[in-house]
Amino acid sequence: MILLAVALKIALSSPLGQQQAQKDAADLSQLLTQLLHQDVSAEVVKHDELPVLLADGKVDLAWCSAGQYVDASARAKVEPAAKLIRGGVPFYRSALFARKGTVKRLSDLRGKRLAFVSEQSTAGFLIPRQILLGAGFAPGDFRGAKFLGDHAAVCKAVLAGEAEAGATFANDGRGGPLAGCSETVGEKARELKVLATSDPIPNDVVALRPGAPPELLASVRSALLALSQSTDGRKKLDTLFHADAFVPAEDADYAPLRGMRAAR
């Protein structure tokens, strides 16, 4: 099939580090160009810029975390196409963690150094902060907190002893609780232990800009849902999305997260 003349733009950020994000962007561009029979260019952008670009219609699609989708949908009526299934479930959790043999329990974090992703990261700061406040901690109870930019940097900082604890994301039922570390530091993630996890948070979603043609929404959704039906598609789901499948997404899926973020 001949590609259409108008190229589409998709944005993604770099939760697992810039090097991985650039590789994902190249793979995502190639995959969507094949699936949609239309040129698709992928761009890596800053975490906080992605919701703005999508809501303002400066990109056609975005691969959003749950928090990024909620931020974009607060600005404009963006259209969720499909969300990911990992380990058989459509959600993940935020997790506070430490290196084994150091901090034994959450209550031991008083006076310790903490590592977070960014001030806008749902799993990497906003929800962990709620967990800590709910456990009775105050901001002054810690020796310091650093924002390191991505989950890979947080995991490495805790492993190296540069922080006593950190925050990342966990996928229920997918070979260990700390997916944010196992996907970035590999086997070394076994040296880490979970101190606390959050309530379920909806998985990341591919969403379209406000006013996107209905036929584009239908085409994107259909193409993503079909990935799990072929061997090649399942390989892409595993290597690119670290997932099992896509399922249809609705705006209402993200209402619980809106409630969590409103309570912060």
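Student: How many salt bridges does a search of the whole structure find?
Tutor: The search finds 12 salt bridges. A salt bridge here is a side-chain nitrogen of Lys or Arg within 4 Å of a carboxyl oxygen of Asp or Glu. This is a predicted model, in which local features need pLDDT of at least 70 and side-chain atom pairs count only at pLDDT 80 or more, while totals for chains, interfaces and linings use all residues. Side-chain values use heavy atoms, with hydrogens and water left out, and residues are numbered from 1 along each chain as its sequence is written.

Student: What makes D253 and K83 a salt bridge?
Tutor: The closest N and O atoms of D253 and K83 are 3.2 Å apart, which means the pair meets the cut-off. D253 lies in the loop between β12 (245-248) and α9 (255-262) and K83 in strand β4 (residues 79-85), so the pair ties together parts 170 residues apart in sequence. Helices (H or I, at least four residues) and strands (E, at least two) are DSSP runs, numbered from the N terminus.

Student: Is K83 called buried or exposed, and why?
Tutor: Buried means under 20% relative accessible area, exposed over 50%, and partly exposed in between (1.4 Å probe, protein chains only). K83 has 11%, so K83 is buried. D253 has 24% and therefore counts as partly exposed.

Student: How do you know that E164 and R143 form a salt bridge?
Tutor: Their side chains meet at 3.4 Å, N to O. E164 lies in the loop between α5 (151-159) and β8 (165-170), and R143 in the loop between α4 (122-134) and β7 (144-147), so the pair ties together parts 21 residues apart in sequence. E164 is buried at 17%, whereas R143 is exposed at 54%.

Student: Which residues are linked with R143 in a network of salt bridges?
Tutor: R113 and E164 are linked with R143 in that network.

Student: Why are C155 and C181 called a disulfide?
Tutor: A disulfide is a pair of cysteine sulfur atoms within 2.5 Å. The S to S distance of C155 and C181 is 2.1 Å, so the pair qualifies. The search of the whole structure finds one disulfide.

Student: Why is the disulfide of C155 and C181 given a handedness, and which one?
Tutor: The torsion about the S-S bond is about -85°, so the disulfide is left-handed. The pair links distant parts of the chain, with C155 in helix α5 and C181 in helix α6 (residues 179-185), 26 residues apart.

Student: What relative accessible area do C155 and C181 have?
Tutor: C155 has 0% and is therefore buried. C181 also has 0%, so C181 counts as buried.
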